Every structure is written in C-alpha cells, then in structure tokens.
Protein chains: 4
Amino acid sequence: MENLNEHMHPNEMNQKILQRLKRIEGQVRGIHKMVEDDRYCVDVLIQIAAVRAALDKVGLSLLERHTHGCVQKAIKSGNGDPAIDELMDVIKLFIK
Amino acid sequence: MENLNEHMHPNEMNQKILQRLKRIEGQVRGIHKMVEDDRYCVDVLIQIAAVRAALDKVGLSLLERHTHGCVQKAIKSGNGDPAIDELMDVIKLFIK
Amino acid sequence: MENLNEHMHPNEMNQKILQRLKRIEGQVRGIHKMVEDDRYCVDVLIQIAAVRAALDKVGLSLLERHTHGCVQKAIKSGNGDPAIDELMDVIKLFIK
Amino acid sequence: MENLNEHMHPNEMNQKILQRLKRIEGQVRGIHKMVEDDRYCVDVLIQIAAVRAALDKVGLSLLERHTHGCVQKAIKSGNGDPAIDELMDVIKLFIK
C-alpha cells in the first residue's frame with residue numbers, strides 16, 4: 001500500500017485519505033456479507049484485522065498531517081502546550 | 001454497549017454482530033464526510049479510534065464464538081492441535 | 001528471534017521462556033540506566049517498544065502452551081466452557 | 001497509579017520514571033519466578049499484561065516530555081519537520 005507522505009500537497013493527501021476511507025467502508029460491508037453468509041469465522045476475523053490495520057494507517061496519516069500543520073502552527077504562535085496536550089490525548093486513544 | 005455473551009443463542013448473536021457491523025459501516029461513512037468537510041483533525045481521529053474499538057469488540061465476539069464452537073468441537077473429535085494453531089495465528093493478528 | 005513452537009517439549013519451552021524473561025529484565029535495567037544518564041528520549045522510547053514486543057512474544061508463547069495444554073484438557077474432560085471464558089478474558093487484556 | 005504530568009518539574013518527573021522502571025524490573029523478575037515455580041499460566045499472563053501496561057505508561061510519559069521539550073524547541077528554531085517525522089516514527093512503534 002502506498003505510503004501517505006506528510007510532505008505531500010494537502011489536497012492530494014486529502015484525496016488519498018478519502019479513497020482509503022471509501023475502501024474501508026466497502027471492506028466493512030464485505031465483512032457484514034461474510035457474517036450473513038455464515039462464512040468461516042477465521043476468515044471473517046482475518047478481514048476484521050485487515051480493516052483495523054487500514055484504519056490505523058488512516059489515523060497515522062491524519063496524525064502526521066495534524067502535527068505538521070496545526071500543532072506546529074500553535075507552537076510557533078506561542079500556544080504550543082495546550083496543542084501538545086490535545087495531541088497526546090489522541091495518541092493515548094490509539095496506544096491503549 | 002451491550003456485551004455479546006458467548007452463551008447467547010447463535011442466531012441472536014449473529015443478529016447483534018450484523019447490527020454492529022452496520023453501525024460501523026455508518027461510522028466509517030461519517031468519517032469520510034468529516035474529512036470531506038475538512039473537520040478538525042482531532043475530532044476525526046477520535047472517531048477513528050471509536051471505530052477501531054468497535055471493530056475489536058466484534059472481533060472478540062467472533063473469537064469467543066469460534067473458540068466455544070469450532071475449536072471445542074475439533075478438540076472433542078481429537079483434532080485439537082491444528083484448530084488451536086489456527087486460533088493462535090488469528091489472535092496474533094489482533095495483538096501485534 | 002527464534003520462534004517458540006507449541007509442539008516443543010514442555011521443559012525445553014520453559015527454559016526458552018525463562019531465558020527470554022531474563023533478557024527482558026536486563027533490557028528494563030538498561031532503560032533505567034539510559035534515563036539516569038539522560039539519554040535522548042527517542043532512543044529510550046525505541047528500547048521501551050522493543051521490550052514491549054519481547055513481552056508480547058513471551059505472552060503469546062504462554063498463551064499457546066496454555067491453550068494446547070490446560071484448555072484442551074478441560075474441553076476433553078467436558079469442562080470446556082469455563083476454561084474458554086477464562087482464556088478469552090486473558091486475550092482481552094492483550095488486545096485492548 | 002499517579003499520573004505523571006507533563007507540566008511537572010523535569011527532575012521530579014525523571015525520578016518518577018526511574019521509580020516506575022525499578023518497579024517494572026521487579027515485576028519482570030517476579031514473572032520469571034512464577035514461570036520457574038510452574039505457576040498457573042493464566043496468572044502469569046495477567047502479570048505480563050500488567051507489565052505491558054506499566055511500560056506503555058512510562059512510554060507515554062517520555063513521549064509527552066519529548067514533545068513538550070525537544071520537539072517544541074526544534075519547531076521554534078525553525079527545524080520542526082524532521083523532529084516531527086522522528087516523533088511519528090516512534091509513535092508508530094507503539095501503535096502497531
């Protein structure tokens with residue numbers, strides 16, 4: 001899977017993130033169909049793990065963009081600490 | 001959120017899992033809309049973390065059902081080891 | 001790193017797990033020294049992530065051994081459900 | 001467990017982190033002893049999950065300190081992007 005680089009043009013990066021989210025939505029719909037069709041549990045679980053990994057990638061791309069953008073701007077304007085606290089709170093949601 | 005109990009009737013449990021997957025699909029669509037509308041990154045990230053947690057819950061419910069069902073049956077018929085190896089491989093996908 | 005196979009002889013597997021735990025203890029002591037010496041945070045964080053990954057490997061090896069051993073035995077003696085519930089509770093500790 | 005606040009005095013925070021690492025080292029030694037004594041696998045696994053959670057807390061404290069300190073300083077001196085890239089690489093180690 002192509003890596004979303006934080007030095008990409010913002011619009012281009014937004015397009016990539018939107019494409020990924022569309023694909024994730026389709027994958028979730030596919031999992032729903034697998035459960036409906038009573039497919040083998042292990043196959044369903046492998047798909048769920050794949051969607052989880054895809055979501056993490058989107059999350060990391062957004063985190064990178066946010067830190068290079070908003071957080072950096074806040075720090076430069078002397079308002080860094082609350083922006084960093086907010087960033088850490090979001091990171092905790094992904095680590096726990 | 002209601003806990004999906006492994007001692008639930010299989011059909012009833014399937015219905016709950018399907019409902020949850022429908023809700024997750026809607027949440028992913030909501031995240032797509034948030035990115036399109038250029039909503040604040042941190043709010044988008046909080047939603048992504050919520051979907052990830054919801055997916056983990058579905059994964060754990062399927063894992064429980066699979067272990068109480070297929071794995072238990074395989075062990076009783078003397079075929080436990082390959083079923084357990086397969087189970088462990090799936091668990092690794094979620095832990096890493 | 002060598003893979004601890006669930007089909008290994010139990011004593012041999014125990015020895016491997018004990019060696020790994022000794023190494024992890026040494027790594028934690030090394031991290032303590034790094035913080036004391038005021039080493040660069042990122043280097044410390046990389047070491048912490050390495051210990052976390054090493055602990056997960058030990059955890060997975062024990063999980064495999066437990067499932068092939070105790071859980072399988074419980075199922076064969078008709079006492080599977082409580083053993084599986086306990087197994088699931090432990091897995092949840094690692095997934096969340 | 002007491003929360004290590006990022007606005008704490010640096011020396012005081014260092015002391016807390018060192019204390020936590022000492023405690024973690026002792027916990028790992030305790031797990032080694034449990035395996036040696038052939039204690040019930042599930043009890044060992046619960047201890048491993050506890051050490052993992054304790055390590056994550058230390059990691060998050062260091063991450064907070066690093067971001068409020070080094071990363072913020074780098075951004076203020078116009079050198080933000082490489083510092084943020086390095087930060088993201090470390091975060092990825094904990095999320096995956």
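**Close-up 1. The largest pocket in this predicted model has a volume of about 960 Å³.** A pocket here is an open set of points on a 1 Å grid over the protein atoms alone, where a 1.4 Å probe fits, with protein on both sides within 12 Å along at least five of seven lines. The volume is the space filled by probe spheres set on the points, which are joined across faces, edges and corners. Lining residues have an atom within 4 Å of a point. There are 40 of them, and the closest to the centre are Ile95(B), Arg52(C), Asp56(C), Arg52(D) and Lys96(D).

**Close-up 2. Here's what lines that pocket.** Helix 3 (80–95) of chain A, helix 3 of chain B, and helices 2 (41–76) and 3 (80–95) of both chain C and chain D each give two or more residues. Helix 2 of chain C gives the most, with ten. Helices are DSSP runs (H or I, at least four residues), numbered from the N terminus. The lining splits into 21 nonpolar, two polar and 17 charged residues. Asp, Glu, Lys and Arg count as charged; Ala, Val, Leu, Ile, Met, Phe, Trp, Tyr, Cys and Pro as nonpolar; the others, Gly among them, as polar.

**Close-up 3. Chain B meets chain C.** In this view, 21 residues of chain B are in contact (heavy atoms within 4.5 Å) with 21 residues of chain C. About 2100 Å² is buried between the two chains, and carbon and sulfur atoms give 70% of that. Buried area is the accessible area (1.4 Å probe) lost when two parts are put together, summed over both. Ile75(B), Met88(B) and Ile95(B) supply 26% of what chain B buries here, more than any other three residues.

**Close-up 4. Two salt bridges link chain B and chain C.** A salt bridge is a side-chain nitrogen of Lys or Arg within 4 Å of a carboxyl oxygen of Asp or Glu. Glu64(B) pairs with Lys92(C) this way, with the closest N and O atoms 3.9 Å apart. On the chain B side, helix 2 (41–76) and helix 3 (80–95) each give two or more residues, and helix 3 has the largest share, ten.

**Close-up 5. Glu25(B) and Arg29(A) form a salt bridge at 3.0 Å, N to O.** The pair crosses between chains, from helix 1 (residues 10–36) of chain B to helix 1 (residues 10–36) of chain A. Over all chains, the structure holds 28 salt bridges.

*Notes.* Residues are numbered from 1 along each chain as its sequence is written, and chains are lettered from A and ligands numbered from 1 in the order in which they are written. Because this is a predicted model, local features need pLDDT of at least 70 and side-chain atom pairs count only at pLDDT 80 or more, while totals for chains, interfaces and linings use all residues; side-chain values use heavy atoms, with hydrogens and water left out.
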